[in-house]
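Open the model in your viewer and switch to a cartoon view. We will select a few parts in turn and say what is there.

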Amino acid sequence: MLIPTAPSLLLAVRGEIVHFTDDPIGHGVEACVHFPDGLLLVRDGHVLDCGPAAELEPGLPMNVRRVDCSGKLILPGFIDTHTHSAQTEIIASYGEQLTTWLEKYAWPAEARHADPAYAAAGAGFFCDQLLRHGTTTAMVFTTVHPASADALFEAARARRMRMIAGKVLMDRNCPEFLRDTHTVGDAQSRALIEKWHGRERLAYAVTPRFAPTSTEEQMRRAGRLFGEVPGLYLQTHLAEQRAEVAWAMWLYPGARSYLDIYERFGQLGARSMFAHCVWLDDEDRCRMAARGASMSFCPTSNLFLGSGLFDLGRARDFGLRVGLGSDVGAGTSFSMLQTLNEAYKVLQLAGQTLTPEAGFYLATLGGARALYLDAHIGNFLPGREADFIVLDPRATPLLEARIARATTLTERLFALMMLGDDRCVTATYVLGEKIPA
């Protein structure tokens, strides 16, 4: 699916606008910008202005392209900070804990992406699912096969999406048919970086799956590569389940903690994203914060695999960058609304809470900050890339009945994050152009 290039014409989208300039937790109501009757102005794929329609409407030129979204909410596009493009087909696969789930479902699914044609079809479907659910930016694991990374980058480029992805690195403790070597993995990663990193809206992430599936030499090379190329990312998994933590510590007996393994090999720093981070201590959190590393909170997969409860409160206490991750296919939905639904419940079980404003911040500007992309996406400040979505708060009969009783923005946002899904996403825009339905 190719997105048409927009003419250089001013686009004016009118509706109820909500976006964030900071984290509502700690910065109060001022962090949430709300225009009940707002106007979003876009030119050449970027935000020109955003404010009350009554103030901006009189100054509009005659040849403006208008979109009326009255009765609907306009928000920045959702940002998914951790997911797997090759696991779409195994979403909702019954039962199992992490290592058994990988062996039974994930490994066989990923093996099929060695075929470039299969990988291309899967990547296109994956990107279309993201957009259908209102996600315009994602950080993605492909597979060990370069063809899988090529396919995803090409699918994202055709849709003009912001995408961060990388070829998975695994040279031990995985099936032979998914195993590379430290030499091959490094060479293939470098070739993919040369081809895709910094091209249009794409960026590359060095991607050791997790410490147990990489030898010390592969971990060393991954860290070295991460430090060599400007703007490069690193993504991996960390402390998802207790048994995984014990396995990692047995394989790396000299490490203080699971996080320390990554730090020893130069993988901890700005633009390094660690998925899950359930079983950490405060020393780990302190080290992550000091080095500028980020966490991806993946509530649906943590519940589905019985991994544990993410501690958002402690992450905030240490000033850590946190975004939301769908973690498809252990995660059970592409929808950031459904992910927020489960995040709220995870935090309730942990004796914490998630206000709707804080939730939508995590799904937008919070994710952008976790990916060091907040200068480009995440809100509607002038100059930001115009990735945005239109949500219908009356998309289903149940939502319509609930919204009829809501008297505040907080109540409406909470209803959306508890009852909403892809049916609420009536339009997704990438760089100011509506994605074809």
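Predicted model: local features only at pLDDT ≥ 70, side-chain atom pairs only at ≥ 80, totals over all residues.

Zoom in on β1 (residues 11–20) and β2 (residues 32–43). These two strands run antiparallel and are joined by nine bridges.

**Stop two: the largest pocket**

Where is the centre of the largest pocket? Select Leu131, Arg132, Ile435, Pro436 and Ala437, which lie nearest to it among the 13 lining residues. The elements giving two or more residues to this lining are α4 (116–132) and β15 (425–430). β15 gives the most, with four. The pocket holds about 260 Å³ of space. Colour the lining by class: seven residues are nonpolar, two polar and four charged.

**Stop three: the second largest pocket**

Move on to the second largest pocket, with a volume of about 220 Å³. Of its 13 lining residues, select Asp23, Leu320, Arg321, Val322 and Tyr361, the closest to its centre. α12 (312–317), β13 (321–324) and α14 each give two or more residues to the lining. Which element gives the most? It is α14, with four residues. By class, this lining has seven nonpolar, two polar and four charged residues.

Key: Residues numbered from 1 in each chain as written. Heavy atoms only, no water. Pairing = 2+ DSSP bridges. 1 Å grid on protein atoms, 1.4 Å probe; cavity = no way out; pocket = protein on both sides within 12 Å on 5 of 7 lines; lining within 4 Å. Points joined across faces, edges and corners; volume = space filled by probe spheres on them. Nonpolar A, V, L, I, M, F, W, Y, C, P; charged D, E, K, R; others polar.
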